[in-house]
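Colleague: I am new to this structure and would like to learn how to read it. Could you take me through it one feature at a time?

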Amino acid sequence: MPHNIAILGSTGSIGTQTLDVISRFPERFKATVLAAGSNVEQLIEQAVKFRPSLAIIADESKYARLREALSPLGIETAAGSAALADAMERPDFDTVVTATVGYSGLLPTVRAIRAGKQIALANKETLVVAGELVTRLLRESPVRVIPVDSEHSAIYQCLVGEDPATVEKLIITASGGPFRSFSKEQIESVTPSQALRHPRWNMGAKITIDSATMLNKAFEIIEARWLFDVTPDRIEAVVHPQSIVHSMVEFIDGAVKAQLGIPDMRLPIRYALGDASRLPSSERPLSLTDYAQLTFEKPDPEKFPCLKLAPYALNRGGNAACIINAANEVAVRAFLDEKISFPEIYGTIMRTLDAIPFIQSPTLDDYVETHSAAITFAEQLTGCKIPLR
Ligand SMILES: NC(=O)C1=CN([C@@H]2O[C@H](COP(=O)(O)OP(=O)(O)OC[C@H]3O[C@@H](n4cnc5c(N)ncnc54)[C@H](OP(=O)(O)O)[C@@H]3O)[C@@H](O)[C@H]2O)C=CC1
Ligand SMILES: CC(=O)[C@@H](O)[C@H](O)COP(=O)(O)O
Ligand SMILES: [Mn+2]
């Protein structure tokens with residue numbers, strides 16, 4: 001019997017690569033639920049090909065088209081964010097790939113944990129926004145989270161068979177993004193099309209901009225803190241422009257383990273779908289002699305101030321990272337729409353942090369309200385509205 005999978009964000013970069021993996025192992029995996037944001041035509045195409053039992057579109061204005069196309073095929077349809085979260089309680093799948101972008105991953109993931117589903121976690125913002133609450137829920141449940149984010153998958157793989165008490169340090173690699181070798185002055189006037197040109201990975205627009213500001217790395221430090229229960233002082237980022245070493249773990253005896261591979265997300269996706277087991281690859285293998293050098297540099301928080309937001313958010317705790325994430329979602333949209341400059345992404349985050357009340361021990365409702373208030377504030381600040389908030 002195949003393993004039944006729900007994919008949240010099936011039309012995105014991770015979602016489509018997940019479907020590619022599923023199509024290579026039809027006897028192992030079946031896509032039972034597909035959910036997208038607003039790209040209804042791509043969702044219909046996927047549903048016609050993969051025949052899930054349910055297809056969901058978050059954008060309710062696209063529902064009539066979805067139902068008209070899929071009902072004749074006997075595929076159930078639904079619309080809206082609430083329907084997406086409700087679907088996590090269905091009995092017809094056991095693993096959910098959380099591959100929507102931004103805050104939209106939080107509530108479905110919480111519902112999936114409560115429903116006992118295994119989580120293949122791509123949506124890092126879930127742990128950025130509410131890492132403490134989510135890990136508390138996980139401690140009280142049998143649910144296993146297997147990371148899809150390449151660095152965290154690498155760390156997970158390095159930790160297999162190791163005693164957690166022997167971990168000295170997690171070393172998260174960063175490509176450095178498209179502006180790694182730009183001066184601070186040059187970075188001030190970069191354009192959206194420059195920022196969207198990631199040197200190593202082909203990803204959705206939002207994470208690509210996060211890589212350019214290096215907020216992605218700050219988010220990944222926060223994600224690692226919660227996923228692996230390691231204190232922030234023992235998590236380090238190192239710039240590795242070739243993106244071949246996906247991350248490392250240093251142990252108390254001085255040994256450092258690394259996971260290497262070509263930059264292709266289908267490896268961590270396969271590993272997570274296969275319950276942390278190894279399935280055969282269809283990509284070209286890594287040939288180390290193709291690389292004259294594998295290099296490592298210290299990241300520069302003066303050039304990329306968003307890096308400072310990881311220690312800030314982890315030391316402050318509470319809803320601080322939730323505010324940072326919400327402000328960034330708006331700021332990234334505003335930058336792409338040419339309403340603010342690249343450095344103003346960080347500026348928008350700082351001003352939103354100043355404006356939104358701090359809560360030391362937020363409940364789930366507090367996170368929902370913090371997100372909404374921070375989005376509204378940042379939208380007013382930038383004059384830019386985000387869809388599907
Ligand atoms: N891409 C990558 O290589 C990596 C991505 N990640 C993480 O994975 C997640 C997904 O990234 P990526 O695939 O690049 O993003 P994309 O922008 O390519 O895809 C996002 C997906 O989420 C859907 N979506 C967007 N908003 C909503 C919403 N409010 N409700 C429901 N669905 C929504 C989109 O639907 P539609 O297009 O139909 O509107 C799309 O299917 C992010 O958290 C990212 O940080 C982590 C590591 C690597
Ligand atoms: C593929 C992946 O996991 C991304 O998060 C990637 O790491 C982004 O590249 P940066 O290292 O430039 O942030
Ligand atoms: Mn990553």
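Colleague: Leaving aside its neighbours within four places in sequence, which residues is L34 in contact with?

Modeller: Two residues are in contact if their C-beta atoms, placed from the backbone, lie within 7 Å. By that rule L34 touches I7, S10, L43, Q46, A47, F50, P52 and A55, with neighbours within four places in sequence left aside. Please keep in mind that this is a predicted model, in which local features need pLDDT of at least 70 and side-chain atom pairs count only at pLDDT 80 or more, while totals for chains, interfaces and linings use all residues. Residues are numbered from 1 along each chain as its sequence is written, and chains are lettered from A and ligands numbered from 1 in the order in which they are written.

Colleague: How is the chain divided into domains, and which bounds are given?

Modeller: Domain bounds come from an automatic or database domain assignment. Here the assignment gives domain 1 (3-143), domain 2 (149-312) and domain 3 (317-389). The C-alpha centres of domain 1 and domain 3 are 25 Å apart, and 13 residues of domain 1 are in contact with nine residues of domain 3. On the domain 1 side, helix 6 (residues 125-139) provides the largest share, five residues; helices are DSSP runs of H or I with at least four residues, numbered from the N terminus.

Colleague: Which residues surround ligand 2?

Modeller: Ligand 2 has around it D149, S150, E151, A174, S175, G177, W201, S211, N216, K217 and M265, a residue being near a molecule if its C-beta atom, placed from the backbone, lies within 6 Å of it. Helix 7 (150-159) and helix 11 (215-228) are the elements that give two or more residues to this shell.
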